[in-house]
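Here is my note on this entry, meant for someone who has not seen it before. Please read it with the structure open.

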Amino acid sequence: MMNNNMGQSKPAFFKVLIGDDFATHLRLPPYFIYKFGKLLPECPILTVECGGGEASWRVKLGEVAAEGRCFTDGWPEFVRDLGLGRHDFLVFWLESQSKFLVEVFNEDGTAKEFDCLQGNVSPRKEDACELDVVPSSPTNVIKGKTLSFSAKFKRSNRYRAPIPANFMRETGIKSKWGVVKDTTGREWPMRINGDRSKELGKGWSDFTTQSRLLPGDTCTFTYNYDENEQDNTSRGWLLRVAVQRLRKSIGQ
C-alpha cells in the first residue's frame, strides 16, 4: 500500500540493499547528509507500518571509515526483524527530526507487508518524551549567526518540551536557566532539565498556557549567537520563539 507521504515535500532518500555488508550498516546519501545532517540526532528512530499499527527501532547514526555517515548500532536488528535481503528497496521519509518512516519493496517492485513486529522502541514512550520536530531546509536552520528548530505541539508536551540533541550541541548552551521570549516581547524564565536528553521544564507549562497553544501549533525556537554572547549572565541563555497556529482560536 502506498504511503500518504508520496507526493508530499518531506525529505526522503532511497537505498537498494547490495553488497555483503548491508546487514551491518547502511550508508546515507552524502547529499542528504549535506542538506539535513545538522537536523538529525545521534540516534534516530526507524518506523515501519505493520499489522494495522507501527513498530519502531532506534539506531545510531555514526561515522564508518571510508563511507561517511551510516546507520550502525541497531541497524542489524532492524534488518533481522524485518527479514530484509539483498536487492530489497527501501524508502526513508524524514517524518520528524528524530523519526524516519521506512517503506520496503521487493526486488520486483511490490511492497512488502509485515504482520505484527516488536521493534525496540515503546510507541507510548516515544510519543510522551518528544515534540514532533519539523525538518527545515538548511537555509532556514542556519542564517548567519542563528540556529533554529521547529516543533509541533502535542498534548503530551504540555509540561515539558524536549530539545534536539544536535541543537544543544551546536549552540553550546551550558546554563540550566534562561529565558524564552515571544514575538510580542513577553518573556518566560525557564529551566533546562536532564543530563543526556535535554528538555525545557520549569516555566514551560506557563508558556503553553499563556500562549494558548493547541495540538498542531508549531513553535519555532531561535538561538542568536551574538545576542547570547553579550553580558547576559543574570538571565542565562535566550531563545526567541514564534508560534504558527494550526487554526485560529475563537476571539483571535
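Which residue in S14 is the bridge partner of Val180? Trp188 is. The points below start from that pair. Keep in mind that this is a predicted model.

1. Strand S13 covers residues 177–182. S13 and S14 run antiparallel and are joined by 5 bridges. The bridge between Val180 and Trp188 belongs to this pairing of S13 with S14. The hairpin has 4 residues between its strands. Look at Gly185 in this hairpin: its phi is positive, near 100°.

2. Strand S14 spans residues 187–193. Its covered face holds Trp188, Met190 and Ile192. The uncovered face holds Glu187, Pro189, Arg191 and Asn193.

3. **On to S15.** S14 also pairs with strand S15, residues 198–200. Here 2 bridges join the strands, again in antiparallel fashion.

4. **The five-stranded sheet.** An open sheet of 5 strands runs in the order S1-S7-S8-S3-S4. Its pairing is mixed. S1 and S4 are the edge strands, each pairing on one side only. From one strand to the next, the twist averages 30°.

5. S3 and S8 run parallel, with 3 bridges between them. Leu46 has Phe100 in S8 as its bridge partner. Phe100 turns up again in point 9, in a cluster of rings.

6. **The loop between S3 and S4.** Gly52 lies in this loop. Is Gly52 buried or exposed? Gly52 counts as exposed, at 90% relative accessibility. The C-alpha atom of Gly52 is 9.3 Å from that of Phe114, although 62 residues separate the two along the chain.

7. **Helix H2.** This helix spans residues 75–82. Its buried residues are Trp75, Phe78, Val79 and Leu82. They line one face of the helix, because they fall within an arc of 95° when seen down the axis of H2. What covers these residues includes strands S2, S3, S4, S6, S7 and S8. Among these, S3, S4, S7 and S8 also belong to the sheet of point 4. After H2 comes Gly83, with a positive phi near 65°.

8. **Aromatic pairs.** The count comes to 21 aromatic pairs. Take Phe89 and Phe105: their ring centres are 6.1 Å apart and their planes stand at 70°, so the pair is edge-to-face. Phe89 lies in S7 and Phe105 in S8, so the pair ties together parts 16 residues apart in sequence. Phe89 is partly exposed, at 28% relative accessible area. Phe105 is buried, at 19%; the cut-off for buried is under 20%.

9. **A ring cluster.** Which residues do ring pairs link into a cluster? They are Phe13, Phe32, Phe36, Trp57, Phe71, Trp75, Phe78, Phe92 and Phe100. Trp75 and Phe78 in this cluster are among the buried residues of H2.

10. **A pair within helix H6.** Trp204 and Phe207 form a tilted aromatic pair, 5.2 Å from centre to centre with 40° between the planes. Both residues are in H6, residues 204–210. They are 3 residues apart, so about one helical turn separates them. Trp204 is buried, with a relative accessible area of 0%. Phe207 is buried too, at 0% relative accessibility.

11. **Lys10, ahead of S1.** Lys10 is in the segment before strand S1. At 30% relative accessibility, Lys10 counts as partly exposed. Which side chain does Lys10 join through a polar contact of 3.3 Å? The partner is Glu95.

Conventions. Residues are numbered from 1 along each chain as its sequence is written. This is a predicted model: local features need pLDDT of at least 70, side-chain atom pairs count only at pLDDT 80 or more; totals for chains, interfaces and linings use all residues. Side-chain values use heavy atoms; hydrogens and water are left out. Buried means under 20% relative accessible area, exposed over 50%, partly exposed in between (1.4 Å probe, protein chains only). Two strands pair if DSSP finds at least two bridges between them. The arc is that of the directions from the helix axis to the C-beta atoms. Contact means heavy atoms within 4.5 Å. Rings of Phe, Tyr and Trp (its six-membered ring) pair if their centres lie within 6.5 Å; planes under 30 degrees apart count as stacked, over 60 as edge-to-face and the rest as tilted. A polar contact is a pair of N or O atoms within 3.5 Å; within protein, one must be able to donate a hydrogen and the other to accept it, and residues adjacent in sequence count only if both atoms are side-chain atoms. Axes are lines fitted to C-alpha atoms, for helices over the stretch in contact, and angles run from 0 to 180 degrees between N-to-C directions.
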